[in-house]
Amino acid sequence: MDQSISFLAEEGTAKLIEFSPLRATDVKLPSEAVFVIANSCVEMNKAATSHFNIRVMECRLAAKLLAKYKSLQWDKVLRLEEVQAKLGVSLEEMLLITEDALHPEPYSPEEVCKCLGISLQELRTQILSPNTQDVLIFKLYQRAKHVYSEAARVLQFKRICEEAPSNMVQLLGELMNQSHVSCRDMYECSCPELDQLVDICRKFGAQGSRLTGAGWGGCTVSIVPADKLHSFLANVHEAYYQRSNRSLAPEKQSLFATKPGGGALVFLEA
């Protein structure tokens, strides 16, 4: 997505980006609100942790168990989206199927093997990656629920922007809040500082706030009514940055309002 939006972006509009094939659809954002980025000042060393790799594998295993449950050729399935596409059902229906097919309790490697009808050796050599072979539990239900519900929220966000009801900003904010709860509780990719920052942003006027990016650190994005922007920035700066050593972070780089801009361009001389 990062590479796609860097050259597909257009000034004044957000983009719904879809893949296989690559498509970008304009999404007109509400003019009466702005999106504010706030840096938690927490950095995650991706190379030194296995969080990302484990999430990828949990989603892959969840996809395979869901495919097996629906009598699909599970050994060829790698992504949760593939199960939905092969079944030809909605995201809401996939959430119901997930409820029926998977249990909330973590799966052990042995239980995954039993569900798929394979040996532990086959699981380790044919499915698991080298850095996930020693993982003892896989939270398949939680990861599948997050992925399908998050995808549904993206489409709901787009639909609200298109319909532009009078309470549009409130509705979009509610979706962002739901997203952060799911990232925190179901995908478990938040951190205490992000949760604190999200709470502060909501306290001082954001209609919605959530982590953005890969998680475990990094930034939040908040939807803020335009007429509250000045007080919002001042209050968040005092509550999160000035009351800790985060005040050492450059203010303009850590907390700022933003709007959709154009992507990368190549200028050719006539």
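The following questions and answers concern a predicted model.

Local features in this predicted model need pLDDT of at least 70, side-chain atom pairs count only at pLDDT 80 or more, and totals for chains, interfaces and linings use all residues. Residues are numbered from 1 along each chain as its sequence is written, and side-chain values use heavy atoms, with hydrogens and water left out.

Trainee: Is Ser-209 buried or exposed?

Mentor: Buried means under 20% relative accessible area, exposed over 50%, and partly exposed in between, with a 1.4 Å probe and protein chains only. The relative accessibility of Ser-209 is 0%, so Ser-209 counts as buried.

Trainee: Which side chain makes a polar contact of 2.8 Å with that of Ser-209?

Mentor: A polar contact is a pair of N or O atoms within 3.5 Å; within protein, one must be able to donate a hydrogen and the other to accept it, and residues adjacent in sequence count only if both atoms are side-chain atoms. Ser-209 touches several residues beyond four places away in sequence, including His-180, Val-198 and Thr-220, where contact means heavy atoms within 4.5 Å. The side chain joined to Ser-209 at 2.8 Å is that of Ser-222.

Trainee: Which strands stand at the edges of the sheet?

Mentor: Two strands pair if DSSP finds at least two bridges between them. The open sheet has four strands in the order S4-S5-S3-S6, with antiparallel pairing. Two of them have a single partner strand each, so one side of each is left without a neighbour in the sheet: S4 and S6 (255-258).

Trainee: Which residue in S5 is the bridge partner of Thr-212?

Mentor: S4 and S5 (residues 219-225) pair in the antiparallel sense over five bridges. In S5, the bridge partner of Thr-212 is Cys-219.

Trainee: Are H7 and H8 roughly parallel or roughly antiparallel?

Mentor: Axes are lines fitted to C-alpha atoms, for helices over the stretch in contact, and angles run from 0 to 180 degrees between N-to-C directions. The axes of H7 (residues 140-163) and H8 (residues 168-185) come within 10 Å and cross at roughly 170°. Angles under 35 degrees count as roughly parallel, over 145 as roughly antiparallel, 65 to 115 as roughly perpendicular and the rest as oblique. H7 and H8 are therefore roughly antiparallel.

Methods. Helices (H or I, at least four residues) and strands (E, at least two) are DSSP runs, numbered from the N terminus.
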